Amino acid sequence: MASNKKYWKSEAELNPNDSIVETLRHNEFVQDIPVDEFLGDKDNLASSSTNRRDFLKYVGFSTAAATLAACEGPVTKSIPYVVQPESIIPGVANYYATTIANGFDFASVLIRTREGRPISVLNNTDSKTNGSANARVNASVLNLYDSTRLQGPTLNGEAIEWNDLDNAVKAKLGSLKGSGKQIALLTQTYASPSTSRLIAEFKNTYGSNVNHVTYDAISEEAALNAFEKRKGIRALADYDFSKAEVIVSFGADFLGDWQGGGFDAGYSKGRIPQKGKMSKHIQFEANMSLSGANADNRIPLKPSEQKVALAKLYAKLNNSSVGGELSESVNSALDLAVAKIKKAGSKAVVVTGLDDEDAQSVVLAINEMLGSDAFNADQPILTRQGDVKAVNALIDAMKSGRVGAIFIDGVNPVYSLPNAVDFEEGLKNVSLSVNFSTNENETTAVSQYVAAASHYLESWGDVEIKKGHFALTQPTIKELFDTRQLQSSLLQWMGSDKSYYEYIKETWSSSVLGESEWNQALHDGFYVKSQPSSVEELVDVALAPVVEETTAVVPIASSLRALANASNSEMELTLYSKTGMGDGQMANNPWLQEFPDPITRVSWDNYVTVSKVDADKLGFVNENVANGGLDGSYAKITVNGVSVDRVPVIIQPGQAVGSIGLSFGYGKKAGMKAEMQTGVNAYPLYQNFSNVQSVSIEKSEGNHEFACVQLHKTLMGRGDIIKETTLEIFNTKDAEEWNVQPVVSLDHQEVAATSVDLWDSFDRTIGHHFNLSIDLNACTGCGACVIACHAENNVPVVGKDEVRKSRDMHWLRIDRYYSSEDTFEEDNVKKDEFDGLTGDKGSLGGFGELEHPASNPQVAFQPVMCQHCNHAPCETVCPVAATSHGRQGQNHMAYNRCVGTRYCANNCPYKVRRFNWFLYNNNDEFDYHMNNDLGKMVINPDVTVRSRGVMEKCSMCMQMTQKTILDAKRDGRVIKDGEFQTACSAACSSGAMIFGDVNDKHSKVAELKESDRMYHLLEHVGTKPNVFYHVKVRNTEEV
Amino acid sequence: MSYFCFRFRGVYLLYSFTGERIVPKESKETIFNMKKVTYRNQFSKVLGVSLVVCLLFSANLFSQDESASAGDAVKGKSLFNQNCAACHSLNKRMTGPALANVEASLEEEGLDRQWIYAWVKNSPSVIASGDAYANKLYNEYNKAAMTPFPTLSNEDIDNILAYTAAPPPAPAKPVASVPGTETASSGGLSNELVLGALILVFAMLVMLLFMVNKTLRRIAEANGVVLEKEASEKRTPIWKAFVQNQFLVLVSALVLILCGAYFVYGYMMQVGVDQGYAPVQPIHYSHKIHAGDNKIECKYCHSSARVSKTSGIPSLNVCMNCHKSISEYAGNPEGPSQEDLANGRTNDFYTGEIKKLYKAVGWDESTQSYTGESKPVEWVRVHNLPDFAYFNHSQHVSVAGVECQTCHGPVEEMEIMEQYSPLTMGWCINCHRETNVKVEGNEYYEKIHAELSKKYGVENLTAAQMGGLECGKCHY
């Protein structure tokens, strides 16, 4: 049927007499192309010195010259040390234990150095303090080699010498001594015994007007205050979730960065079903967080309602009641939680992430009341010390001109303060401002002196992460630039000739170590102070709840009332920190920018998460456009008259209706490469340092282009990809029922899929046979493995545009699936019950429905890397045999042999092969770390940097397994279990990834392979992978 | 000589020399010809050494003869080299003063031979006795007391003094004094002469032939003989005949193409293969002198080959372990070879190269101390494996026990280091196919070797059977 529709391209077409439209009807261009101008002038052409024949000569010559030059090999220089350091052997890695303490992330780590340069971060597995290297800590090594780092001190942007700075500062400090004006130190949380002592001495030197203010960009003010009130120490309670059988969380993303993070390893321990038991996790939250995604029961709830729910929970546990209204479903969920907690008693724990002192107090009260084993108030966490009141007081003092000098270290207040304008204004009244920073940022731009600070890998330091748990930071490389850390400068300014190293040593020998050896502590990277006699303490603990309850009854009552009467607003914003970006201090790190968020799978962006219901109401859309990219609307968010515009919108399944979420850490501009200036800054909305805000949100113009690496959100009933079951079924039924082995038809008989094979099998019983076990129960989706893989295998960063084209290069991805019905099981049932093409149970409409995630879906994470199939489909289609199989079970990829047909990628059922569409190193189009000499220092010398046009994929860290074997051969010994590691398994602190040799019958991985829960991904394809998964068991009753 | 090397501080030494006698007897002489300086602070060890010397010369001790005073300069030289050369030179101030004509100069100070005996045998006691000159000397040389040599007899000292007074003439060097270039040209001239004569003879023969031919023609002309030139021209020219014979054309074209292809293939295959690559290095370092003449173990300098993937270019402090004392090249006892001289490699040339090392490492010979101004040497890398090929020295050197020479060739004969092997993948694989894995005494291999050899039905497994041909073992 012909259509009469007329399409017009511009409004000019509406005018029938328009001359341009008329011209365009006949000609391609409105005006003539001005070729005659230069071709018409014959004289000009003739007089040109280069004629056609000359041109051809040049072309010929240059081609020949290039060809000839290519035949000659380049001359490579080998430059040995003049005096080789004793500890460095070229080609052999050294490991140093150190500690990251950047104010947001605190963890004991091992740094691997090669030829003196740090190349990767590993977990310090000996460390007994919680908090292993997360994705950001893993990526922190790249910040050392950031080409935009400050290379020396500056005064108003002009480079100066340290001497000049020191003299200016000393003079100023001298003049301020005794004057009424403050000398302010605005710093990150150090939690450092030596720095505390140092600042105290600094106070002694320069008088009581020295004011040290600690500022956390993302504040834990409420929790700190609540804890301080109860326990008298400004700290955070520690939790060991491995000891909890029931975990109830009210908006606490304890698998993320809640109260400093680092709780995931303990949590995962309790999530692996052992002897029929695993922990039960109930999460009440607004945003879909990592914790919510891992929860057994997740109840989407606006923050104000979470408060009410928390109050009710407390009341119900005490068999009393409080006011406040909640919906029926929430009430029943609460009842369930109460029943569980009551049953578990001291094996239960309640946590909350609400920035509300009342809520935090109530939670502390509940845990004390329960006598929760997981709750530890005696060794509290000290890694958050920020004091909002002090910060605000400082800003006031600055504005009124009562501050004479300010020293800023480790924080970027102009970027991260909600009232940054006030701060900037105040800074103008301070006659001396010195800012210690590794990079240019918003605050250095307005500071007088910028003191180039050393990276933590170049610094000395110490930190008391938990009470009694000390850790040491030692330099792993000499300062790359003319930089100095604050502590060294303070010593200098105090006229001390001690180095900070000597100062720390002094502190430790006098007040930390006691009888222990400094060298041992430095070697280990940590030191745990032995606790006072245990008997007394046990009595203390037993008595504590009783005592507390009597003293805390009154404040709790008022807190409860406040919670129950929490005002409900129409739209509530929960601000959070993203797994990849944290508080934003590492925003210049391309690994982290390209790291896809575990939940939304979006990289290179932050965004506001909105529920489907609200999105429909407000007119927000997310759509996949023709090239496969994800597009979204923009929103304008306003809090108390402060608005942030052009915030991209992601429609987030599981987001509580009436709530939105937005992450910190993005929208940095100053000192950033253009490619890294991503997202919007959420800090202006962080009013009164509260992560919950009442907001208004409206649609604004335009369409945002996301770089999302996973466009398909649901499993669509493909239960064999992520197999899961419930604890009840797992405990009561045979494995065949919940871990169904696929069958195929052979000679009209149903036989096990694995029994039918096109290929002969090789004998793999001799030598090593590597397998990787991934436990879906233990995997929290934290993504540390993704970054560790990046660092180990020189995986290139490709940038937002390329990621949007699905050309991301991650060798290891963590797929995240939502259920379409309320649970995955219901998806499976729905799919199985399809009957016919159309109708109620028709597959046509049914599959369409299954594409959409539920409003509160179940979530599952699945790390997928090359499965190293014993019968690999990629190997058979490679025309040049570039990919082949080794006896040890690894699927090899010879880059130099690959011609780039990409057949292998097409034939791979797991889609884990990555193609180098471009040259990603030494290429200005991809101006990330591999495009400058400094950034290239992070490259692992044992792994080839791939070139354009070749296929690459996970090698199962061949270089690591080969090294382990070689070391054993050299020592002439048998390899012990646990020695074989891959980058991902070594980075996994939750115990989800276990790597090893299955031919070693006593190995952990061999044992895991025999487990009932073991299954292979897409087993029916018959690829016989060497990576296997463990069926996810959920501790839910309803399925 | 071996003790001399042991005395060096540093880990490498201990590693490389345990159980290895690096300097066999026959080469002693060569090394002794080098000038030595060494160690001031290792008296205890020197004492031990002296003990050894004592044992060696015990015969002399018993036959000590007080009356001897003239001394034997030849014996003295060997004693000097053994005992004194570490700190003294004849004409140069080293750790201790120059010793040429020491007796004469001491006489000027009014000190006799008895004083010298006392000083050599126990210098600290002389100093302690308050002897003015002894104390002056002691202070002048940074208060480094001379090692006591109680084992040296008066006769030995006499011999040494004789040597310092008039060192025996160096062995006559065959035409050594003639500058190298001349020698070269003279050798070349004789060859050229022969060649020139031959050419002359050949030219004369040709001329002779030509003249004979001409004469014959003339005779023929004179006799009226008509040459049958025309008749021959009627025949088809050979090239035409060739063109007409299509089969022949085809066959020769084929042969040409095949030959061409063969050579093109041969040419192509050597692109990027740098066998024989012997670049000029910033310091002319002779493996022949070090590894060949002086028999220094490869892994003494390339120590990381034992534990690392790279063999490691030795850092300059390793060079200085020996070159602190060896500041001049004395060459072979027979003098530089013809070949060396032809290339201008005289003793002075080598000494000049040692000076380059001193400059790079910042060693001041006159004060015998480091200046701190150093500049790393930019060696030109000889063996260049592509980035995508992983090779580990320790795997081959430590685990498999492969000799360095297997891949690097007779390095000990190379004056200029060159790439001996093609370093192609085919070459690697060939070796992996042919070489048995060294499993003896290695616990790691026990199980896998037992099982695999049973499976393959062989007694010894090759590297290939062990999995040494898998792509991923070298490419990742």
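This is a predicted model: local features need pLDDT of at least 70, side-chain atom pairs count only at pLDDT 80 or more; totals for chains, interfaces and linings use all residues.
**View 1. Domains 2 and 3 of chain A.** The division of chain A comprises domain 1 (1–72), domain 2 (154–219 + 386–528), domain 3 (222–381), domain 4 (591–708) and domain 5 (724–867 + 956–1034). For domain 2 and domain 3 of chain A, the C-alpha centres are 35 Å apart, and the contact draws four residues from domain 2 of chain A and four residues from domain 3 of chain A. On the side of domain 2 of chain A that touches domain 3 of chain A, the residues are one nonpolar, one polar and two charged.

**View 2. The crossing of helices α8 and α13 in chain A.** The axis of α8 (residues 221–231) of chain A comes within 8 Å of the axis of α13 (residues 357–370) of chain A, and the two cross at roughly 50°. Since angles from 65 to 115 degrees count as roughly perpendicular and those under 35 degrees as roughly parallel, this crossing makes α8(A) oblique to α13(A); the crossing is also right-handed. From α8(A) the contact is made by A:A222, A:A223, A:N225, A:A226, A:F227, A:K229 and A:R230, and from α13(A) by A:E357, A:Q360, A:S361 and A:L364. Sorted by class, the residues in the contact of α8(A) with α13(A) are five nonpolar, three polar and three charged.

View 3. Most residues other than glycine have a negative phi. Although A:H748 is not a glycine, its phi is positive, at about 60°, and this residue sits in the loop between β31 (743–746) and β32 (749–752) of chain A. A:S806, likewise not a glycine, also has a positive phi of about 60°, and its place is in the loop between α27 (800–804) and β34 (813–818) of chain A. What is the exposure of A:H748, and how many other C-beta atoms lie within 10 Å? A:H748 is exposed, with 5 other C-beta atoms within 10 Å, whereas A:S806 is partly exposed, with 15 other C-beta atoms within 10 Å.

**View 4. The contact of chain A with chain B.** This contact takes 39 residues from chain A and 45 residues from chain B. On the side of chain A that touches chain B, β1 (77–78) and α32 (958–971) of chain A each supply at least two residues, and the largest share, seven residues, comes from α32(A). By class, that side of chain A holds 18 nonpolar, 16 polar and five charged residues.

**View 5. The fold of chain B.** Chain B contains 25 helices and three strands, and 23% of its 476 residues count as buried. Among the contacts in chain B between residues at least 6 apart in sequence, 72% join residues at least 24 apart.

Terms used
Residues are numbered from 1 along each chain as its sequence is written. Chains are lettered from A and ligands numbered from 1 in the order in which they are written. Domain bounds come from an automatic or database domain assignment. Two residues are in contact if their C-beta atoms, placed from the backbone, lie within 7 Å. Ala, Val, Leu, Ile, Met, Phe, Trp, Tyr, Cys and Pro count as nonpolar, Asp, Glu, Lys and Arg as charged, and the others, Gly among them, as polar. Axes are lines fitted to C-alpha atoms, for helices over the stretch in contact, and angles run from 0 to 180 degrees between N-to-C directions. Helices (H or I, at least four residues) and strands (E, at least two) are DSSP runs, numbered from the N terminus. Angles under 35 degrees count as roughly parallel, over 145 as roughly antiparallel, 65 to 115 as roughly perpendicular and the rest as oblique. A crossing is left-handed if the near helix is turned anticlockwise from the far one by less than a right angle, and right-handed if clockwise. A residue is buried if 20 or more other C-beta atoms lie within 10 Å of its own, exposed if 12 or fewer, and partly exposed in between; C-beta atoms are placed from the backbone.
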